[in-house]
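Q: Please go through this structure and say what stands behind each label. Give the cut-off with each answer.

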Amino acid sequence: MLLDLYGTDHDPKIWGNPYEFWPERFDKRKENLYDFIPQGGGDIKSGHRCAGDLLTVKVMELFLNALANKISYTIPAQNLSYSLAKIPTLPESGFIMQNVKRK
Ligand code: HEM
């Protein structure tokens, strides 16, 4: 069995304008334990949700903060298209960053 993550994440019944990049949509959304499920759903204490969930999310927060606020870089022309037939999928070029410097 394969959970249709792409279909669920693009269902207009759940997400208004699902193809629009609109991170603010999460500001007012009430979270529940089945919203964010790359590491399983439900309660970490009573179910089988990944034991590394909190640690992994913290590492992602630190990494994204560094990427957005602590370094500068340029993005050369590259092929950022990706296949929906691969799991996991990635941009064809990977993600090439140049002139990476600490801010
Ligand atoms: C991107 C990183 C990670 C992903 C995507 C991931 C994903 C998952 C998934 C899908 C499960 C199964 C959940 C279920 O059965 O419903 C799982 C279980 C588990 N994960 Fe992770 N995991 C990650 C990182 C980690 C890390 C860093 C640790 C330890 C430090 C960890 C420890 C565990 C353990 C012990 C279980 C078994 C939990 C149980 O069966 O009660 N994982 N993980």
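A: A polar contact is a pair of N or O atoms within 3.5 Å; within protein, one atom must be able to donate a hydrogen and the other to accept it, and residues adjacent in sequence count only if both atoms are side-chain atoms. The model is predicted, so local features need pLDDT of at least 70 and side-chain atom pairs pLDDT 80 or more, while totals for chains, interfaces and linings use all residues. Residues are numbered from 1 along each chain as its sequence is written, and side-chain values use heavy atoms, with hydrogens and water left out.

Q: What makes the pair D53 and R49 a polar contact?
A: The side chains of D53 and R49 are joined at 2.5 Å, and the limit is 3.5 Å.

Q: Why is D53 called buried?
A: Buried means under 20% relative accessible area, exposed over 50%, and partly exposed in between, with a 1.4 Å probe and protein chains only. D53 has 6%, so D53 is buried. Its place is in helix 2. Helices (H or I, at least four residues) and strands (E, at least two) are DSSP runs, numbered from the N terminus.

Q: Why is P12 called exposed?
A: The relative accessible area of P12 is 58%, so P12 counts as exposed. P12 sits in the loop between helix 1 and helix 2. From P12 to G52 there are 40 residues in sequence and 31 Å in space, C-alpha to C-alpha.

Q: Why does L67 count as partly exposed?
A: L67 has 21% relative accessibility, so the label is partly exposed. L67 belongs to helix 2. Its C-alpha atom is 10.0 Å from that of R102, 35 residues apart along the chain.

Q: What makes C50 a donor of the iron atom of the ligand?
A: Donors are N, O and S atoms within 2.8 Å of the metal (3.2 Å for Na, K and Ca); water is not among the atoms, so sites may look incomplete. The SG atom of C50 is at 2.2 Å, and C50 is the only protein donor of this iron. C50 lies in the loop between helix 1 (5–9) and helix 2 (53–70).

Q: Which residues are around the ligand?
A: A residue is near a molecule if one of its heavy atoms lies within 4 Å of it. The residues around the ligand include P38, H48, R49, C50 and L55. A polar side-chain atom of H48 is 2.6 Å from an oxygen atom of the ligand.

Q: How does the shell around the ligand divide by residue class?
A: Ala, Val, Leu, Ile, Met, Phe, Trp, Tyr, Cys and Pro count as nonpolar, Asp, Glu, Lys and Arg as charged, and the others, Gly among them, as polar. The shell has four nonpolar, four polar and one charged.

Q: What lines the largest pocket?
A: On a 1 Å grid over the protein atoms alone, a pocket is an open set of points where a 1.4 Å probe fits, with protein on both sides within 12 Å along at least five of seven lines; lining residues have an atom within 4 Å of a point. The lining has 44 residues, and L5, D9, D35, F36 and P38 lie nearest the centre. Helix 1 gives the most, with four residues. By class, the lining holds 27 nonpolar, six polar and eleven charged.
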